[in-house]
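Student: Could you take me through how to read a few features of a structure, giving the general idea before each case?

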Amino acid sequence: MQQMSLGASEPASSWYEAVQPAWPPQATRAQGLEQLAAFSSKAGRAYQTHRNSDLGSGRHGHVSLLSPFLRHRLIDENDVLSRVLAEHSQSEAFKFVQEVFWRSYWKGWLEQRRLLWPEYQQQLPRIFQRATQNRRESNDYTAAVNGATHIPVFNEWCEELIRTGYLHNHARMWFASIWIFTLKLPWQLGADFFVRHLIDGDPASNTLGWRWVAGLHTAGKSYLATAKNIRTCAQARLAGRSDHELGLNKLATATFNLPEHLSAKALQKTEIRWPAPETADVTGYRENHGRTALLLTEEDLSWMPSQQPQGVVALSASPRSVIASSSRLVSRFTESAIHDGLQRFTRHYAAAGLPCAEPALDDETLVQWLVEHRMDAVVCAYAPIGPTRLRLRALRNRLACKGISLRMQMRDYDRLVWPHASRGFFQLGKRIPEFLDIMRLGV
Ligand SMILES: Cc1cc2nc3c(=O)[nH]c(=O)nc-3n(C[C@H](O)[C@H](O)[C@H](O)COP(=O)(O)OP(=O)(O)OC[C@H]3O[C@@H](n4cnc5c(N)ncnc54)[C@H](O)[C@@H]3O)c2cc1C
């Protein structure tokens, strides 16, 4: 998360010519692994040195671009960390490894404030309505989401986001800071705009990333996008244009304190009873749970239960926003990712001839399918806080009425790391070597 400025003596040729994979990527596990293999040699000192440079659309070769795959767990943290640490020492890959744990930090932190995201979602329509009723805010919001503000460099990021479904981390920070402190628009609407357009849009990383920039995550610590920093880290895409041409002379020169709209209860840490590991009792399993279907959700498309299920089914993609639909890029990637998951699992269990429902099902059809196939239980990977989790909660009640139980199994990685995300990142970060040892990745 922290920035590091590039030294003035950086050899231009080595970092200007960053080649990135074809974009948008295919939403498959195979593509995620291929991209990981192509990137892993750069995850050491090269990443540490160049990761903060936003070279522009199609040139994000200094970062991994793995976030869409991690978002849906087409590949998981273990895949990424084990591949990278097979090529680099922990100290060489320290920065990259730390960034992967930033994702886990946000996930675990939000999980321990389980009322925060639902309350933010509940407030969104009102915030949106208020913004549309205020002439100044309405004009500025419309300009911001259409890339038509008086700040050309901001407009360029907006265009890139809409066209590609991706923005470099630094651009996300600058964009959010300008949205909040220069355009003076509600952070909630910015976060909503992001999550509908980012292919990797994630309730935890996105909501909390915006709150971090706004100074609401760490009290009194907000993030100011400055012309100097943008010039240093985005020089390759600024093409020698002046501050005036880019609108950098119009940026806010100071941040201000934002009011907190969430209730004290939503911000309060809740005690979590982390789900127990899956039972390894093969003989008693079927007797305990009965006929069990594996349910795939967009939250985790590679988790595999320890026991073979009696059927495979997937839940259709969940809407990401309560005020507007996701972009076509986002919908297409998510739907293809779910399709890839279904195909892989169907192939995996093909010999057993399990019934598999294709394509992904909505809630109503899913319940029907489970009843028709005489399932007693459904098992799925733990769905973290977000729209899918809310759907699963409602589904659990509907299924209970049909005598079908639904249980979520948490991955060992999440059970290991998330409980340490209760305070600042530092508390979790200092345990990274210990986590890697437990994962047998420490050298
Ligand atoms: C306002 C804002 C909104 C964001 N919204 C999202 C979001 O919706 N989804 C999302 O995955 N990330 C989000 N991020 C974090 C970060 O920008 C992206 O994860 C990163 O840019 C993805 O590109 P990459 O895969 O090339 O990252 P790399 O630099 O190659 O990092 C490797 C992996 O580490 C994780 N990671 C890296 N940086 C961060 C970070 N700061 N926070 C959390 N995880 C990180 C990602 O899973 C990423 O794929 C947001 C950041 C900000 C400031």
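This is a predicted model: local features need pLDDT of at least 70, side-chain atom pairs count only at pLDDT 80 or more; totals for chains, interfaces and linings use all residues.

Student: What span should the 14 residues of H10 have?

Tutor: Helices are DSSP runs (H or I, at least four residues), numbered from the N terminus, and the expected span is 1.5 Å times one less than the number of residues. H10 should therefore span 20 Å, and its end C-alpha atoms are 19 Å apart, which agrees. Just after H10, lysine 184 takes a positive phi of about 55 degrees.

Student: How many residues of H10 are buried, and which elements do they pack against?

Tutor: A residue is buried if 20 or more other C-beta atoms, placed from the backbone, lie within 10 Å of its own; by that rule 12 of the 14 residues of H10 are buried, including Trp174, Phe175 and Trp179. Contact requires C-beta atoms within 7 Å, and the buried residues of H10 pack against helices H8, H9, H11, H12 and H13.

Student: Which residues come nearest to the ligand?

Tutor: A residue counts as near if its C-beta atom, placed from the backbone, lies within 6 Å. Of the 29 residues around the ligand, Val63, Ser64, Asn169, Asn206 and Gly209 come nearest, and H10 is one of the helices that each supply at least two residues of the shell.

Methods:
Residues are numbered from 1 along each chain as its sequence is written. Two residues are in contact if their C-beta atoms, placed from the backbone, lie within 7 Å.
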